[in-house]
Amino acid sequence: MKKYLLSFTVLMSATLFTACNNDSDNSPKTYPVAVTNGVFVVGSGNQSSGKNGSLTYYDYTTKSATKDIFSSVNGLSLGMTANDALRYGDKVYVVVDGENSVFVLNAKNMQLINRINLAGATMLGETDGVSPRRITADEDKIYVSTYGGYVAAIDTVNFALAAKYQAGSYPEGVMVDDGFLYVANSDYGYGNASITVINLKTKETRTISDENIRNPQEIAVAGSDIYYLDWGQYGPAPDYAQEHAGVYRISSTGVKLLIPNATGMTCYGTKIYTFNDVYGSSEGITYSCYDITSDILIPLNLKDIDSPAAMGVDPITDYLFVASRKLEGGYPSYTTDGYVNFYDTTKYEKKGSFTCGVGPTRIAFNFGVRYITY
């Protein structure tokens, strides 16, 4: 298997190709170079207050943000509880939990191409396709987990259901690596969580259960090891303090707590970035970076963040993006716009900030291609 955690290479595979002007060895040749055009921030909105989900786009060239680019371009709302987004090939996919749908957009102009209803008869159906959660992609297919307990593999050309994989209870994070599908089954924190590993060629399924797998949310793979973010469990009244949250590693020797006190995670290369904002804790918010090659955990001093909600690292610029809720009366607001700060990953100095929609929950990057001739 691959020796890195996450890479944008797979996501660019449908876009990048090599081109040259002619076959002469002496003539100039044109080559594609991967670039990042901007950043998407998914806002979940707030169902109880009637605020729909949103998709904010920050453009690297203009250095400006469009707070709800989907509505601005299409004159439509994403609906309730947007949950994830992904740029893959020439399309952008937005997962909306409350609408049981994946919205497919043209990456160049954000115009709506298709709306895939996961609960539809030609997809997973009303029971199995309810509440789509997370998305990944591989070999011209997107993979979407649903609270119905399944992962749908959908063709990115005709948007047809290519395969249906049964996972565990309330699956969240998904990843495809080297022909295997990995699923973090949260069980909604009820105590029957697990990790599902599916061989996409043979359809053989393996379920990993352990006392340290309590409420997994995100998942990544490096070599033969699995890394997952677990939200743990809530303690007794009156505080209901969150316990056992962190990043864990599953290896041949078992399940081990790798990064204690983590409630958010993003991965790229050999590094795992985390934030910790544990419910019911008075210890304050912390940030860290763990390198799996050196086995070193480094605390980070990220400034000007009120209530972290999502992280992402741009693999081309190496900027770390952190989305946050604003504070109102000393508490995080779930009904007003959030914001995103970004930092370099050398000194972790703040390089910029922009406003995003209500309830930021996911950060995705708009990869593209620039051609150079030499």
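Mentor: Start with R134 and E218. Both residues are buried in this predicted model. Their side chains form a salt bridge, with N and O 3.6 Å apart. The partners come from distant parts of the chain: R134 lies in strand β8 (residues 132–138), and E218 lies in strand β16 (residues 216–222). The two are 84 residues apart.

Now take E99 and R115. Their closest N and O atoms are 3.5 Å apart, and the pair makes a salt bridge. This pair also links distant parts of the chain. E99 sits in the loop between β5 (91–96) and β6 (101–106). R115 belongs to strand β7 (residues 112–117), 16 residues apart from E99. E99 is partly exposed, at a relative accessible area of 25%. R115 is partly exposed too, at 41%.

Next, D344 and K351. A salt bridge joins them, with 3.9 Å between the closest N and O atoms. That counts because the cut-off is 4 Å. D344 is buried, its relative accessible area being 9%. K351 is partly exposed, with a value of 43%.

Some bridges share partners. Through them, D84, R134, E218 and R362 are joined into one network. For the overall count, a search of the whole structure finds twelve salt bridges. Among them are E99 with R115, R134 with E218, and D344 with K351.

Conventions. Residues numbered from 1 in each chain as written. Predicted model: local features only at pLDDT ≥ 70, side-chain atom pairs only at ≥ 80, totals over all residues. Heavy atoms only, no water. Helix = DSSP H or I, 4+ residues; strand = E, 2+ residues; numbered from the N terminus. Buried < 20%, exposed > 50% of the residue type's maximum accessible area, 1.4 Å probe, protein only.
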